[in-house]
Amino acid sequence: LRNAANVIGGLKDTHLSNFFRRILNKSDRATAISATARKLGVIIYNMVTKKEPYNPPTAYLMLDQKRKMGLVKHIKKQIPKFDLTTQDLGLATT
């Protein structure tokens, strides 16, 4: 798996090579190889045990998009606590 991870590190634009480069930016190459090898191992294990094909993520959300989605989720949880309606929030359709 480490040899495969090292090869993945040299690929152009794939899900795993992007992961490799993200780790490489934070630390050294050996750490990136180990992390990618572990990720490969987890992927293979899940494919074998769950008997389903690997579907790589197509796109990542940017950090600000993740924060916004988390904030929206938090706000939606808070709405019932304050007994608010869609009319109170100005979300009512006319």
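**Charges, form and selected residues**

The protein chain carries 17 positive and 6 negative charges, and their mean positions lie 9 Å apart. Lys and Arg count as positive here, Asp and Glu as negative, while His and the chain ends are not counted. Each charge is placed at NZ of Lys, CZ of Arg, CG of Asp or CD of Glu.

This is a predicted model, in which local features need pLDDT of at least 70 and side-chain atom pairs count only at pLDDT 80 or more, while totals for chains, interfaces and linings use all residues. Residues are numbered from 1 along each chain as its sequence is written, and side-chain values use heavy atoms, with hydrogens and water left out.

The protein chain has five helices and zero strands. From the N terminus on, the order is α-α-α-α-α. The radius of gyration is 21 Å, well over the 12 Å that the globule rule gives for 94 residues, so the protein chain is more spread out than a compact globule. That radius is taken over C-alpha atoms, and the globule rule is 2.2 Å times the number of residues to the power 0.38. Helices (H or I, at least four residues) and strands (E, at least two) are DSSP runs, numbered from the N terminus.

The C-alpha trace spans about 60 × 35 × 25 Å along its principal axes. How is the protein chain divided by the domain assignment? Domain 1 covers 1–50 and domain 2 covers 61–93. These bounds come from an automatic or database domain assignment. Taken over C-alpha atoms, the centres of domain 1 and domain 2 are 36 Å apart.

Now the surface. The accessible surface of the protein chain is about 7800 Å², and 60% of it belongs to carbon and sulfur atoms. Areas come from the Shrake-Rupley method with a 1.4 Å probe; for residues, only the protein chains shown count as cover. Of the 94 residues, 16% count as buried. Buried means under 20% relative accessible area, exposed over 50%, and partly exposed in between (1.4 Å probe, protein chains only).

Contacts come next. Among those with a separation of 6 or more, 46% join residues 24 or more positions apart. Contact means heavy atoms within 4.5 Å.

Take Thr36, in helix H3 (residues 29–50). Is Thr36 buried or exposed? Thr36 counts as buried, because its relative accessibility is 0%. Beyond its neighbours within four places in sequence, Thr36 touches Ala5, Ile8, Leu16, Phe19 and Phe20.

Asn25 sits in helix H2 (residues 15–26). Asn25 has a relative accessible area of 70%, so it is exposed. Phe82 is 57 residues away from Asn25 along the chain, and 44 Å separate their C-alpha atoms.

Lys51 lies in the loop between H3 and helix H4 (63–78). Lys51 is not a glycine, yet its phi is positive, at about 55 degrees. At 73% relative accessibility, Lys51 counts as exposed.

Helix H4 holds Lys76. Lys76 is exposed too, at 59% relative accessibility. From Lys76 to Asp88 is 12 residues in sequence and 14 Å in space, C-alpha to C-alpha.
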